[in-house]
Amino acid sequence: MKLKPSVILIILISLIVVYSVTDRIWGEKWRAKRATENTGGTSAPRGAGSVLVDYMIIEPVDFNELIVVTGTLVSNEQVDLRSEASGNVTQINFDEGKRVKKGDLLVKINDKDLQAQYDRAVHRQRLAEDRERRQKVLLTREAISQEEYDIALTELNSLRAETQLIKAQIERTEIRAPFNGVIGLRNVSVGEFISPQITVARLVDNNPIKLDFSIPERFFDIVKLNSRVQFRLEGDPQLYTATVYAVEPKIDISTRTIQLRALAPNPDGRLFPGAYANVQFATTPLKDAIMVPSEALLSEATGHKAFVYRNGIAELRTLEIGTRTERSVQVVRGLEFGDTLVVSGILQIRPNGGLRLNTQIN
């Protein structure tokens with residue numbers, strides 16, 4: 001079918017009009033996009049090109065900063081048992097890993113020669129005592145002089161001192177428990193010759209147990225004598241409590257810390273000396289603090305920043321931060337109550353870029 005010239009002309013005119021309108025529309029969009037890019041994105045679109053983010057409304061909170069420092073458990077009392085004298089072991093009166101009481105005889109060293117000397121000294125002392133009594137009677141009757149009685153009395157006192165000396169030497173052949181505790185593994189056997197350089201065993205008292213830790217000097221007004229702190233051990237979910245009973249009276253100038261020592265009850269023996277402890281304590285409560293999730297911050301060389309949602313636009317704020325917790329950061333300056341803080345997608349956002357709110361984080 002052959003079209004008439006007039007029909008062909010109408011079709012051509014229609015195509016030209018459609019092309020002109022389409023070119024004008026797309027040309028305006030392209031120019032608007034270029035203008036936005038050239039002006040730094042101050043008029044970002046709020047539609048499909050905006051970043052979808054989670055957010056939170058800044059509200060005042062009461063905050064207790066939880067400080068965590070490292071510590072070490074230490075025995076309440078601990079001693080390496082050694083003999084004061086050298087000789088052969090004749091008795092071992094303890095079982096490894098068992099409790100002993102203060103004063104219990106643990107190890108005995110051969111003392112036969114000393115016992116013989118002691119018996120002789122005791123006999124000589126008794127003879128001297130009889131002589132002194134007789135001389136005293138004679139002195140009262142004026143049958144002897146004062147000098148003669150003094151000689152008898154001096155001899156008696158000398159023999160008494162000799163007896164006490166031998167008795168002390170015998171006691172040095174005995175190893176007794178200096179306090180209540182649990183005795184460890186023994187390092188000697190019956191019949192073995194030992195000297196003061198040999199450790200027989202270790203005696204430990206772990207109830208209560210001591211906790212040694214250090215705190216920065218700025219917290220000295222918070223943790224002091226009679227303060228209660230809490231601590232945890234690796235692999236143990238239980239939270240233990242200790243009471244500070246001693247403070248080192250000097251600040252360590254290399255670390256600017258103060259060393260403290262606390263006592264914790266340990267009746268069941270679950271706490272062992274040498275264990276690593278995480279010690280925690282709360283600082284003075286902060287009223288109306290601004291606490292934000294740590295993932296909402298951008299950390300840069302010049303400081304910390306965050307994005308705030310304002311009328312669909314991402315506003316970049318410079319922040320001054322305070323204390324940190326495991327998940328939160330205190331903001332001292334840069335945010336105000338009522339601000340809408342962007343929490344997610346911060347790496348995809350550009351300053352003055354478009355934002356769309358998704359889920360509010362409490």
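The following conversation walks through the fold and side-chain contacts of one predicted model.

Visitor: What kind of model is this, and how are residues numbered?
Guide: This is a predicted model, in which local features need pLDDT of at least 70, side-chain atom pairs count only at pLDDT 80 or more, and totals for chains, interfaces and linings use all residues. Residues are numbered from 1 along each chain as its sequence is written, and side-chain values use heavy atoms, with hydrogens and water left out.

Visitor: How many helices and strands are there in the protein chain?
Guide: The chain holds three helices and 24 strands. Helices (H or I, at least four residues) and strands (E, at least two) are DSSP runs, numbered from the N terminus.

Visitor: What share of the residues is buried?
Guide: Of the 362 residues of the protein chain, 34% count as buried. Buried means under 20% relative accessible area, exposed over 50%, and partly exposed in between (1.4 Å probe, protein chains only).

Visitor: And what percentage of the contacts joins residues 24 or more positions apart?
Guide: Among contacts in the protein chain with a separation of 6 or more, 73% are between residues 24 or more positions apart. A contact means heavy atoms within 4.5 Å.

Visitor: Let us turn to the barrel. Which strands close into it?
Guide: Six strands do, in the order β3-β12-β15-β14-β13-β16, with antiparallel pairing. On average, neighbouring strands of this sheet are turned by 40 degrees against each other, direction ignored. Such angles come from axes that are lines fitted to C-alpha atoms, for helices over the stretch in contact, and they run from 0 to 180 degrees between N-to-C directions.

Visitor: How many bridges join β3 and β16?
Guide: Strand β3 (residues 66-74) pairs with β16 over seven bridges, in the antiparallel sense. Two strands pair if DSSP finds at least two bridges between them. Gly-71 has Ala-277 in β16 standing opposite.

Visitor: Which strands pair with β5?
Guide: Strand β5 (residues 87-92) pairs with strand β10 (residues 193-194) over two antiparallel bridges, and Gly-87 stands opposite Ile-194 in β10. β5 also pairs in the antiparallel sense with strand β7 (residues 105-109), over three bridges. There, Val-89 has Ile-109 in β7 as bridge partner.

Visitor: New topic: how many aromatic pairs are there?
Guide: The count comes to two aromatic pairs. Rings of Phe, Tyr and Trp (its six-membered ring) pair if their centres lie within 6.5 Å; planes under 30 degrees apart count as stacked, over 60 as edge-to-face and the rest as tilted. Phe-219 and Phe-281 form an edge-to-face pair, with 6.0 Å centre to centre and 75 degrees between the planes.

Visitor: Where do Phe-219 and Phe-281 lie?
Guide: Phe-219 is in the loop between β12 (209-216) and β13 (228-233), and Phe-281 is in strand β16 (residues 276-282), so the pair ties together parts that are 62 residues apart in sequence. Phe-219 is buried at a relative accessible area of 6%, and Phe-281 is buried at 5%.

Visitor: What about Phe-231 and Tyr-240, stacked or edge-to-face?
Guide: Their ring centres are 5.4 Å apart and the planes stand at 25 degrees, so the pair is stacked. Both Phe-231 and Tyr-240 are buried.

Visitor: How many salt bridges does the whole structure have?
Guide: A search finds 18 salt bridges. A salt bridge is a side-chain nitrogen of Lys or Arg within 4 Å of a carboxyl oxygen of Asp or Glu. One of them joins Arg-172 and Glu-84, whose closest N and O atoms are 3.9 Å apart. Arg-172 lies in the loop between α3 (146-171) and β8 (174-176), and Glu-84 in the loop between β4 (77-82) and β5, so the pair ties together parts that are 88 residues apart in sequence.

Visitor: Is Glu-84 buried or exposed?
Guide: Glu-84 is exposed, at a relative accessible area of 53%, whereas Arg-172 is partly exposed at 39%.

Visitor: Which residue forms a salt bridge with Arg-270?
Guide: Asp-236 does, with the closest N and O atoms 3.4 Å apart. Arg-270 is in the loop between β15 (257-264) and β16, and Asp-236 in strand β14 (residues 236-247), so the pair ties together parts that are 34 residues apart in sequence. Arg-270 is partly exposed at 41% relative accessibility, while Asp-236 is buried at 16%.
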